[in-house]
Amino acid sequence: MSSRLLNRRDVEFMLYDWLDAEGLAARPRFADHSRETFTAALDTAEQIATDLFAPHNKLSDQQEPQFDGERVSVIPEVKRALDAFSAAGLMAAGQDYALGGMQLPLTVEKAVTAYFTAANMATASYAFLTIGNANTLLKCASAAQVEHFVRPMLEGRWFGTMCLSEPQAGSSLSDIATRAEPDPDTEGQYRLTGNKMWISGGEHELAENIVHLVLAKIPGPDGKLVPGVKGISLFIVPKFLDNGERNDIALAGLNHKMGNRGTTNCLLNFGEGRHLPGGRSGAVGYLVGREGQGLLNMFHMMNEARIGVGLAAAVLGYTGYLHALDYARERPQGRHPAAKDPASPQLPIIAHTDVRRMLLAQKAYAEGALGLCLYSARLVDDEHTGETPEIRQRAGRLLEFLTPITKSWPSQWGLEANNLAIQVHGGYGYTREYNVEQFYRDNRLNQIHEGTQGIHGLDLLGRKASIHDGALLKTMAEEIRATVHSARGAGRGADARQLVAYANALDAAWRRVEEVTQALYAAPDLNRTLANATVYLEAVGHVVVAWIWLQQAMAAVAGLPEEDNFRRGKLQACRYFYQWELPRVQPQLDLLAALDTTTLDMQDAWF
């Protein structure tokens, strides 16, 4: 039976037929690579994910980590899987050879990581948080800090976290209250006190050490913390110090989420005096970069994590779709409406039109979302290794515009794919004996991870659509119009004619987006402009994914034979998206253009 994690042919279609990952090997950084080495990396990932990650996905959900007041216990299968991941060199897959890495393009690296998230998001989270932590330090830490902290993480001996949120602040990072006082006894050291909430991977015994990246504020001469984000600095705060002492970091308790239960999620107290490094309280930390640059430095990790969250949401939707597809092919139930003989054999439920509708919707959401994430990863490769400064700048602008969509669209519609997968299973779908109910619970977290839909809506409309005199929006428009132009000249035949129809629909939808964006910014009150930013995010996201689908359809028409079932499936999913999904956008854009204030005008007392 084919894998129920991901469709390997689809992954390779996106990498090679559409995104031209092979072409990246012509660049100096990737010169040692080829399609063969990329395929070998995918083979390794699929095997380890299938053999060591997927088998304990349900077990780690049912036997979540436990805290006895002293130690956190995690089922042993988690460590075995992560040890195999590290032994295969995958912690450093995208890193320089000098750091023990493979120098894989991010486009391929994300396709590799997709297998692990589809197999077991909870266990994979430990690895991907560590990779994100290491990448952050590589961008903004000193050479000595990289050597000391990053190398052990890339070898898989130490793991990493990011500690941003606090119980009283949540996503409002300007309100964090964790303090970092210069240590009078040791130059360059700080002592941190405060509380951090929702810290995934914050405590465990899966690795020799845990490297926490902590946002905190250094008090001014008057002893007060600088208000706002300008006062935030970034610190490395390890669980164990070089002399073997336990740092003053204490686990106050584990949070118990509806999904992703196999990942420890922690409330951490820094500097409460539970441990006394050097004989006194205060968690020992080391400043990363300059004072006051903490949020800027942490955004290196947050933006990478946003693509990662989008990818996780996409592949959880994808694996749920494949589980539903197998179930629909195997489950006999009912007969066609026109069948009159009750003694005739029952049909597999995939023969029923409504089940095919639900499966087709899942396919459109999952493959569209995965395509969006891999396209965004390709932009990162172009931004860093593009042949000319113009290519690098253009990729950076597109990536900046697309990042809130890449995080939020899969988080919304990958979850809807999981919802439909449960529906396809019928009554069995919400029982624990079947995997699809867990996929839904795990995926529900992704709408909140790395910023809620509302936060990303404000980012897209309030910032990305307007900064640099609208340069990001203009670049996005140029890319969409280039695709429209190509689709209109795709050739002859029924499929090519259909591409022209899709191109015309996409062109009209994007022009409407531009008109509505101008209307929103013409409002005299910014509160009114941004009142329905989440609707703007959803509408623009749907247009962007329609664009992604048109590109995939063009690649299928250009590169695959007409009788190929895979090609027919791609074109039918694209047809579904343009017939059923893109029309959702028009009433949303009309509502936005009207500058409706229904939600803005609502008062607390009226609830």
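**Group meeting: helix packing, salt bridges and surface details**

Met602 is partly exposed, at a relative accessible area of 31%, where buried means under 20%, exposed over 50% and partly exposed in between, with a 1.4 Å probe and protein chains only. What I am showing is a predicted model, in which local features need pLDDT of at least 70 and side-chain atom pairs count only at pLDDT 80 or more, while totals for chains, interfaces and linings use all residues. Residues are numbered from 1 along each chain as its sequence is written, and side-chain values use heavy atoms, with hydrogens and water left out.

To stay with Met602 for a moment, this residue is found in the segment after α19, which spans 598-601; helices here are DSSP runs of H or I with at least four residues, strands are runs of E with at least two, and both are numbered from the N terminus. Together with Trp606 and Phe607, Met602 forms a nonpolar patch on the surface, and the three have about 420 Å² of accessible area together. For a patch, residues need over 30% relative accessible area and no salt bridge, and they are joined within 9 Å for like charges or within 5 Å for nonpolar side chains, namely Val, Leu, Ile, Met, Phe, Trp and Tyr. The areas come from the Shrake-Rupley method with a 1.4 Å probe, and for residues only the protein chains shown count as cover.

Let me turn to helix packing. Helix α9, residues 353-385, packs with helix α10, residues 389-425, at an angle of about 155 degrees, and their axes are 8 Å apart. The axes are lines fitted to C-alpha atoms, for helices over the stretch in contact, and the angles run from 0 to 180 degrees between N-to-C directions. The pair α9 and α10 is therefore roughly antiparallel, given that angles under 35 degrees count as roughly parallel, over 145 as roughly antiparallel, 65 to 115 as roughly perpendicular and the rest as oblique. As for handedness, α9 passes α10 in a left-handed crossing, a term that applies if the near helix is turned anticlockwise from the far one by less than a right angle, with right-handed used if it is turned clockwise.

A second pair is helix α5, residues 106-119, and helix α8, residues 294-330, which pack at an angle of about 55 degrees with their axes 9 Å apart. That angle makes α5 oblique to α8, and the crossing of these two helices is right-handed.

Next, the charged pairs. Side chains of opposite charge can pair when their charged atoms come close. How many salt bridges are there? The count comes to 43, where a salt bridge is a side-chain nitrogen of Lys or Arg within 4 Å of a carboxyl oxygen of Asp or Glu.

Within helix α4, residues 76-87, Asp83 and Lys79 lie four residues apart, about one turn of the helix, and they form a salt bridge whose closest N and O atoms are 3.4 Å apart. Asp83 is partly exposed at 35% relative accessibility, and Lys79 is partly exposed at 34%.

In helix α9, Lys363 and Glu367 are likewise four residues apart, about one turn, with closest N and O atoms 2.7 Å apart in their salt bridge. Are these two residues buried or exposed? Both Lys363 and Glu367 are buried.

Lys464 forms a salt bridge with Asp459, the closest N and O atoms being 3.0 Å apart; Lys464 is buried at 6% relative accessibility, and Asp459 is buried at 18%. Elsewhere, salt bridges that share partners join Arg8, Glu12, Asp43 and Glu46 into one network.

Now to the backbone. Most residues other than glycine have a negative phi, and most peptide bonds are trans. Gln103, in the loop between α4 and α5, has a positive phi of about 55 degrees although it is not a glycine, and Gln103 is buried, with a relative accessible area of 10%. Leu595, in the loop between α18 (585-593) and α19, also is not a glycine and has a positive phi of about 50 degrees; Leu595 is buried at 16%.

I will end with two contacts between separate parts of the sequence. Lys257 sits in the loop between β8 (249-254) and β9 (265-270), and its C-alpha atom is 9.0 Å from that of Asp442, 185 residues apart along the chain.
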